Amino acid sequence: MARPNKRTTLREVAEATGLSTAAVSYALRGKHVSKETEERVRKAAADLGYEADPIARALASGRTSTVGVLAGDLQDLWQQQLMAAIGRELLAGDRYALILDAGGDPGRELSLAKQLRDQRVDGLLVSPVDPSAEGWSKIADAVPVVSIGDALSRARTAGEVLFDNRAGIDAVLDYLRGLGHRRVTVLTPTGPSTPDRPADVYVREAADRLGIEVVVLPCPQELDAATAMARRVLANSPDGRRPAGALAPPTAVFCFSDSIAYGVYAAAAEASLTVGRDLSVVGFDDHPVSRVLTPPLTSVDWGLAAIAKEAARLAVAAIEGRRVRRKRILCAPRLSERGSTVAPRE
C-alpha cells in the first residue's frame, strides 16, 4: 500500500545534520551561521526534499512574507513599470508583492488598503490617489505603510519616497517659457474629488510666478480616454466647441504622466498637427516608450529603479523593526529634452 505524501519537517533536517532546529532555520535563511554550515544544511534539506511550510512559518513569526502594493492607477504605463520593479525588489528578499489597482478611485483605494490590512500583509506600499484622505491614519496605525510620490498628510507612515514635484514643475515651465510658450494646458490624472494634490497646486503657483497662462484639466490615463480629452483641448474647449472670441489653442501641453501624453500625440495626428512643430508636448515620468515615439517625448525622469529600491528597503526595515537613518527620501527630477518641444510658431 502506497504511503501518503508526507512533508519533511525542520526537525528531520536538524536530526540529519546534528544541529538544533533553530540553527537549521537560521541556516536556511542565511543568517547567523557560517557559510559551511549553511551549505551543509541546504544540501541535507535538498536531499530530504524539505520545503518550508509558509503557513507554519507565518504562524510562528506572525508574518506572512507578503507585502501589499497598491497602485493608484495601472492604466498609467509608468505605474505598471514601477509596480513590477517593486515586486522584483521584494522578491529578492524572499517577500512577495500582492499588487492591487485603485483605478484612480480614492474610495476604492481606501477600501483596497483596508482589505490588505485585514489580510495581514506585513507591510503596505502605496502610490496614493488621495494622499490627504483621513482613512490613511488608521491603516498606518495597523500596518507599516510606505508612501510613494506624495506624502500621506494625515498618517504616521513608516517611510516616504516622494517626488520633488515643485522642482519638476518649475523645470518644465521654466523650459517652456524659455522656448517662448505663454499658453500651456496641463493635463492631470487628478480627479475633481481630490483637487489639492501637490503637483496641481504647484503648477498654478509656478504659472503665476512666470507669467504663463495655464489651464489645468483632469484627464484619464487610458489611451482612448486621454485621446478624447486631448481632442477637446486642441479644439480649445473642454466641450469640443470653440465659441466666438475664445482664446487661441495652447502652444504646449504639459502632461502629468507620459501615458496622457500618448493621447495628445494621437489627437494631434488626427488633427493633422505635428508634435514638435505645430505643438509642443511634455510628459512627467519618462517611460521607455517615450524615447521611441516620433518625435521622442520631452519628459521628466524621476529615477524609477531607485524609487523601487528605496520604497522596498523602507518597507522591509519597518517590517523587521529596524531603525533607518532617513525615512523620507526626496527624488530629484531630471528633464530630458527631446524632439517634442520647440518654440511656438507665432
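Is threonine 157 buried or exposed, and what is its relative accessible area? The legends below describe a predicted model, starting with this residue.

**Figure 1. Threonine 157 in the loop between strand 4 and strand 5.** Threonine 157 has a relative accessible area of 16% and is buried, since buried means under 20%. The loop that holds threonine 157 runs between strand 4 (145–149) and strand 5 (159–163). When neighbours within four places in sequence are set aside, threonine 157 is in contact with Val145 and Leu152.

**Figure 2. The protein as a whole.** The protein has 346 residues, and 46% of them count as buried. Its secondary structure consists of twelve helices and twelve strands. Along the principal axes, the C-alpha atoms fill a box of roughly 85 × 45 × 40 Å. Among contacts in the protein with a separation of 6 or more, 67% are between residues 24 or more positions apart.

**Figure 3. The crossing of helix 2 and helix 3.** Two packed helices are described by the distance between their axes and the angle between those axes. Here the axes of helix 2 (residues 21–28) and helix 3 (residues 35–48) come within 9 Å and cross at roughly 95°. Helix 2 is therefore roughly perpendicular to helix 3. Helix 2 contributes Val24, Ala27 and Leu28 to the contact, and helix 3 contributes Thr37, Glu38, Val41, Arg42 and Ala45. By type, the residues of this contact are five nonpolar, one polar and two charged.

**Figure 4. The edge-to-face pair of phenylalanine 254 and phenylalanine 284.** Six aromatic pairs are found in a search of the whole structure. In the pair shown here, the ring centres of phenylalanine 254 and phenylalanine 284 are 5.3 Å apart and the ring planes are at 75°, so the pair is edge-to-face. Phenylalanine 254 belongs to strand 8 (residues 252–255), while phenylalanine 284 is in the loop between strand 9 (280–282) and strand 10 (299–301). The pair therefore ties together parts that are 30 residues apart in sequence. Phenylalanine 254 and phenylalanine 284 are both buried.

**Figure 5. The edge-to-face pair of phenylalanine 284 and tryptophan 302.** The ring centres of phenylalanine 284 and tryptophan 302 are 5.4 Å apart and the planes are at 85°, so this pair is edge-to-face. The pair links distant parts of the chain, 18 residues apart. Phenylalanine 284 is in the loop between strand 9 and strand 10, and tryptophan 302 is in the loop between strand 10 and helix 12 (304–319). The relative accessible area of phenylalanine 284 is 6%, and this residue is buried. Tryptophan 302 is also buried, at 5%. Both residues belong to one aromatic cluster, formed by Trp78, Phe163, Phe254, Phe256, Phe284 and Trp302.

**Figure 6. Arginine 166 and the ring of tyrosine 202.** The charged end of arginine 166 sits over the ring of tyrosine 202. From that charged end to the ring centre is 4.1 Å.

**Figure 7. Tyrosine 96 in strand 2.** Strand 2 spans residues 96–101 and includes tyrosine 96. This tyrosine counts as partly exposed, with 43% relative accessibility. Apart from neighbours within four places in sequence, tyrosine 96 is in contact with Ser65, Thr66, Val67 and Leu91. Tyrosine 96 and serine 336 are 240 residues apart in sequence, and their C-alpha atoms are 34 Å apart in space.

Conventions:
Residues numbered from 1 in each chain as written. Predicted model: local features only at pLDDT ≥ 70, side-chain atom pairs only at ≥ 80, totals over all residues. Heavy atoms only, no water. Axes fitted to C-alpha atoms, helices over the stretch in contact; angles between N-to-C directions. Helix = DSSP H or I, 4+ residues; strand = E, 2+ residues; numbered from the N terminus. Parallel < 35°, antiparallel > 145°, perpendicular 65-115°, else oblique. Contact = heavy atoms within 4.5 Å. Nonpolar A, V, L, I, M, F, W, Y, C, P; charged D, E, K, R; others polar. Phe/Tyr/Trp six-rings, centres within 6.5 Å; stacked < 30°, edge-to-face > 60°. Buried < 20%, exposed > 50% of the residue type's maximum accessible area, 1.4 Å probe, protein only. Lys NZ or Arg CZ within 6 Å of the ring centre and 35° of its normal.
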